[in-house]
Amino acid sequence: MSSNHAISKLDDLITTLIDSVKGYDHSADKAKSAELQTLFRDLSAERRKAVDLLQARSRALGGKPNEFGSAAGTVHRRMEDIFVALGGGDKAVIQAIDRGEDYLREEFERVLKDEAIDADTHAAVRQANESVMRGHLVVNGLKDQLATA
């Protein structure tokens, strides 16, 4: 098993998680509801721990983990700005987060299915994935609340 392969996969997840941290921070700034602002900041802090965990694993394998998000993440946040500016409010914020959560979940699922990654890296990814799964459940709950409102 190649540590370069595991490092590459970790770097992809780290970048996407950093996008998630920035996305939650951005959404907290855009949300009108104080409750949502607090929730998004809490989720951002939890994601930051997942980033730290995967960065530590990358370093243990000899990698130099990413410290930045992606251009796609920046575009995603600008699109959220546009939808909020067009009057979408908290609904637009939640929809933007939902799209990001779906993408993040898919990325983690791909890595978790990768049999070329060593057991210790899989364990770190599984642990970081707990944050992804919680976030996904929270966002689904918010979508359900919007649907019944």
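Of the 149 residues in this chain, 45% are buried. Keep in mind as you look around that this is a predicted model. The chain has an accessible surface of about 7900 Å², and carbon and sulfur atoms own 53% of that.

Among contacts with a separation of 6 or more, 78% link residues 24 or more positions apart.

**Helix 2 and its partners**

Two packed helices are described by the angle between their axes and the distance between the axes. Take helix 1 (residues 3-30) and helix 2 (residues 34-60): their axes come within 8 Å and cross at roughly 165 degrees. Anything over 145 degrees counts as roughly antiparallel, and that makes helix 1 roughly antiparallel to helix 2. Helix 1 passes helix 2 in a left-handed crossing. Sort the residues of this contact by class and you get 14 nonpolar, six polar and seven charged ones.

Helix 2 also packs on helix 4 (residues 119-148), with the axes coming within 9 Å and crossing at roughly 165 degrees. Helix 2 and helix 4 are therefore roughly antiparallel to each other as well. Their crossing is left-handed. On the helix 2 side, the residues making the contact include Leu 36, Leu 39, Phe 40, Leu 43, Leu 53 and Leu 54, along with Glu 46, Arg 47 and Arg 57. Helix 4 brings, among others, Ala 124, Val 125, Ala 128, Val 132, Val 138 and Leu 142, plus Asp 120 and Arg 134. By class, that contact has 13 nonpolar, four polar and five charged residues.

Which helix holds Arg 48? Arg 48 sits in helix 2, and at 31% relative accessibility it counts as partly exposed. Leaving out residues up to four places away in sequence, Arg 48 touches Ile 18, Val 21 and Gln 55.

Ala 56 is in helix 2 too. Its relative accessibility is 41%, so Ala 56 counts as partly exposed.

Now for Pro 65, in the loop between helix 2 and helix 3 (71-112). Is Pro 65 buried or exposed? The cut-off for buried is under 20% relative accessible area, and Pro 65 comes in at 11%, so it counts as buried. With residues up to four places away in sequence not counted, Pro 65 touches Asp 11, Ile 14, Gln 55, Ser 58 and Arg 59.

| Pair | Apart in sequence | C-alpha to C-alpha |
|---|---|---|
| Arg 48 and Leu 17 | 31 residues | 7.7 Å |
| Ala 56 and Ala 124 | 68 residues | 9.3 Å |
| Pro 65 and Ile 7 | 58 residues | 8.0 Å |

Methods. Residues are numbered from 1 along each chain as its sequence is written. This is a predicted model: local features need pLDDT of at least 70, side-chain atom pairs count only at pLDDT 80 or more; totals for chains, interfaces and linings use all residues. Side-chain values use heavy atoms; hydrogens and water are left out. Buried means under 20% relative accessible area, exposed over 50%, partly exposed in between (1.4 Å probe, protein chains only). Contact means heavy atoms within 4.5 Å. Accessible areas come from the Shrake-Rupley method with a 1.4 Å probe; for residues, only the protein chains shown count as cover. Axes are lines fitted to C-alpha atoms, for helices over the stretch in contact, and angles run from 0 to 180 degrees between N-to-C directions. Helices (H or I, at least four residues) and strands (E, at least two) are DSSP runs, numbered from the N terminus. Angles under 35 degrees count as roughly parallel, over 145 as roughly antiparallel, 65 to 115 as roughly perpendicular and the rest as oblique. A crossing is left-handed if the near helix is turned anticlockwise from the far one by less than a right angle, and right-handed if clockwise. Ala, Val, Leu, Ile, Met, Phe, Trp, Tyr, Cys and Pro count as nonpolar, Asp, Glu, Lys and Arg as charged, and the others, Gly among them, as polar.
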